[in-house]
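Subject: Structure for you to look at

Hi,

Here is the structure I promised to pass on. Please open it next to this email and follow along.

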Amino acid sequence: MSPNRRRGEVAATLDGRERRLCLTLGALAELEAAFEAEDLGALVERFSSGRLSARDLIRIIGAGLRGAGETVSDEEVAVMRMQDGAAGYARIASDLLAMTFGGAGEGAQPNP
């Protein structure tokens, strides 16, 4: 399954399964609520800080999976495994943010 980059999709292998992630408008609204951000600018500012917690990564990846059509809770995302561990989760979130915000999330790679 190849991601549609024009639609802002990224691909990731979680729990041994190739998945697509996409931060749709609904997914972005979900993140605004989760992070208590006033608007998209506040989200960009938060993500550009480069300081994301494990909980932040779960929320971003979960919103991306739901934005691409998966029915998955943040609790389910929290127990998903990936080969690269914490660094892999950070890379997924960073790629997703960069795809969505045109590079604004590139600095959002926490040290795992």
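**Salt bridges**

Arginine 55 forms a salt bridge with aspartate 74, and the closest N and O atoms are 3.9 Å apart. A salt bridge here is a side-chain nitrogen of Lys or Arg within 4 Å of a carboxyl oxygen of Asp or Glu. Side chains of opposite charge can pair when their charged atoms come close.

Before going on, two notes on the source. This is a predicted model: local features need pLDDT of at least 70, side-chain atom pairs count only at pLDDT 80 or more, and totals for chains, interfaces and linings use all residues. Residues are numbered from 1 along each chain as its sequence is written, and side-chain values use heavy atoms, with hydrogens and water left out.

Back to the first pair. Helices (H or I, at least four residues) and strands (E, at least two) are DSSP runs, numbered from the N terminus.

Are the two partners buried or exposed? Arginine 55 is partly exposed, at 37% relative accessibility. Aspartate 74 is buried, with a relative accessible area of 14%. The cut-offs: buried means under 20% relative accessible area, exposed means over 50%, and partly exposed is in between (1.4 Å probe, protein chains only).

Aspartate 74 also meets the side chain of arginine 66 in a salt bridge, at 2.9 Å from N to O. Arginine 66 counts as partly exposed, at 24% relative accessibility. Salt bridges with shared partners join Glu30, Arg55, Arg66 and Asp74 into one network.

How many salt bridges does the structure hold? There are eight. One of them pairs glutamate 70 with arginine 17, where the closest N and O atoms are 3.5 Å apart. Glutamate 70 lies in the loop between helix 3 (54–67) and helix 4 (74–78), and arginine 17 lies in strand 2 (residues 17–22), so this pair ties together parts that are 53 residues apart in sequence. Glutamate 70 counts as buried, at 17% relative accessibility. Arginine 17 is partly exposed, at 44%.

**Aromatic rings**

Now the rings. Rings of Phe, Tyr and Trp (its six-membered ring) pair if their centres lie within 6.5 Å; planes under 30 degrees apart count as stacked, over 60 as edge-to-face and the rest as tilted. By this rule there are two aromatic pairs.

Why is the pair of phenylalanine 35 and phenylalanine 47 called edge-to-face? The ring centres are 5.5 Å apart and the planes stand at 85°, so the pair gets that label. Phenylalanine 35 lies in the loop between helix 1 (25–34) and helix 2 (40–48), and phenylalanine 47 is in helix 2, so the pair ties together parts that are 12 residues apart in sequence. Phenylalanine 35 is buried, with a relative accessible area of 10%. Phenylalanine 47 is buried too, at 1%.

Phenylalanine 47 also pairs with phenylalanine 101. This pair is tilted, at 6.5 Å centre to centre and 50° between the planes. It links distant parts of the chain: phenylalanine 47 is in helix 2 and phenylalanine 101 in helix 5 (residues 85–101), 54 residues apart. Together, ring pairs link Phe35, Phe47 and Phe101 into a cluster.

Arginine 59 lies over the face of phenylalanine 35, at 5.4 Å from the ring centre. The rule asks for NZ of Lys or CZ of Arg within 6 Å of the ring centre and within 35 degrees of the ring normal.

**The whole chain**

The protein has five helices and two strands. From the N terminus on, they run β-β-α-α-α-α-α. The C-alpha atoms fill a box of roughly 35 × 30 × 25 Å along the principal axes. Buried residues make up 41% of the 112 residues.

Contact means heavy atoms within 4.5 Å. Of the contacts with a separation of 6 or more, 55% are between residues 24 or more positions apart.

**One last residue**

Threonine 100 is in helix 5. Threonine 100 counts as partly exposed, at 25% relative accessibility. Not counting residues up to four places away in sequence, threonine 100 touches Leu23 and Leu28.

Best wishes
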